[in-house]
Amino acid sequence: MDTMRDRFATTASRLLDEDPRVAVVLAVISSDRFREAARAHPDRVVDVGIREQLLVGATGGLALAGMRPIAHTFASFLVERPFEQVKLDLDHQDAGAVLVSAGGSYDIAAGGRTHQAPGDVALLDTLDGWTVYVPGHPDEAEALLRHAVADGDSRVYVRLSEQSNRDPLHVPPGVFRTVRTGGAGVVLAVGPMLDATLEAVEGLDVSVLYASSVRPFDTHTLRAEARRTGAADVVLVEPYLAGTSVPYAAEALADTPHRLLALGTCRTELRRYGTWAEHVTAHGLDPAGLRRRITAFLR
């Protein structure tokens, strides 16, 4: 199976053929995957070099000129390093664009802290009007990218990961899908965390919701499922900084007495290299770690 990043390059190249408004802006990363597209569309595949601030600035300029730009690099270089440009050149200018990251929280663990960005979604949450997609499978990544590009002049962040679920679960953007129902609580699994979550809660009497789009946050489905269970014990399982979606979940449950457990990447930095799979385990996001904490939390 190809990776989400592979599928992104293939899909974006096709979008360049299909839509004259689409442009792809790169900062060296993944440029090898767009060589043929650059030859076919030299005016709409732009590599600015290792200049991430310019990457976002050029993206904003293309958007203001009427294009539908897709900016792409690793998450730490797309959201964290040029955050001022994201804030000013896109958000402040009310310019629409699609930012597509690779690398996830610690996919490029061997690259060290410079290549890790568990706080990317939390950082974007400080801005207004962003749609955030977190696909759990390459097929979902393709569908969500196409939806993002077709979504008028909106600002969309598509967060790709090396970690993937075995099978795609196509869910319309903006809603959570109920994967299974139970009576002792609700577990919300985001993107590539679904398989591990389902394995972790096997045999437990809990509902599992799946989210491949997290902003806007589907308050209606979470509230309805929490009320249906009657337990109002809610667990968030996110592949980035633990607690990122807590304010949104708490707002959804504001009129419902509830308990909330937020699982995700720990705030404490792991000063080790290794692989992304080893980091998943170290952060307690493997099935064994999730089950231990979920069972301890449930009444």
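Helix α3 (residues 52-64) lies across β1, β3 and β4 and runs at about 170° to β3, where axes are lines fitted to C-alpha atoms, for helices over the stretch in contact, and angles run from 0 to 180 degrees between N-to-C directions. Contact denotes heavy atoms within 4.5 Å, and the elements are DSSP runs numbered from the N terminus, with helices (H or I) of at least four residues and strands (E) of at least two. The model is a predicted one, in which local features need pLDDT of at least 70 and side-chain atom pairs count only at pLDDT 80 or more, whereas totals for chains, interfaces and linings use all residues. Residues are numbered from 1 along each chain as its sequence is written, and side-chain values use heavy atoms, with hydrogens and water left out.

The strands β2-β1-β3-β4-β6-β5-β10, in that order, make up an open sheet of seven strands with mixed pairing, two strands being paired if DSSP finds at least two bridges between them. Its edges are formed by β2 and β10 (213-215), each of which pairs on one side only, and the twist from one strand to the next averages 20°. Within this sheet, β3 and β4 pair in the parallel sense over five bridges, and A71 stands opposite L99 in β4.

Helix α1 (residues 4-18) comprises 15 residues and reaches 20 Å from its first C-alpha to its last, close to the expected 21 Å, a span defined as 1.5 Å times one less than the number of residues. Its buried residues (under 20% relative accessible area with a 1.4 Å probe, protein chains only; exposed is over 50%, partly exposed in between) include M4, F8, L15 and L16, and the buried residues of α1 pack against elements including β1 (22-26), β3 (68-74) and α7 (138-150). A141, which lies in helix α7, is buried at a relative accessible area of 5% and, leaving aside neighbours within four places in sequence, is in contact with M4, P135 and L160.

Four aromatic pairs are present, rings of Phe, Tyr and Trp (its six-membered ring) being paired if their centres lie within 6.5 Å, with planes under 30 degrees apart counted as stacked, over 60 as edge-to-face and the rest as tilted. F74 and F77 form a tilted pair, at 6.1 Å centre to centre and 40° between the planes; F74 is buried at 11% relative accessible area, and F77 is buried at 8%. F176, F217 and Y248 form one aromatic cluster, and the charged end of R215 sits over the ring of Y248, 4.0 Å from its centre, the criterion being NZ of Lys or CZ of Arg within 6 Å of the ring centre and within 35 degrees of the ring normal.
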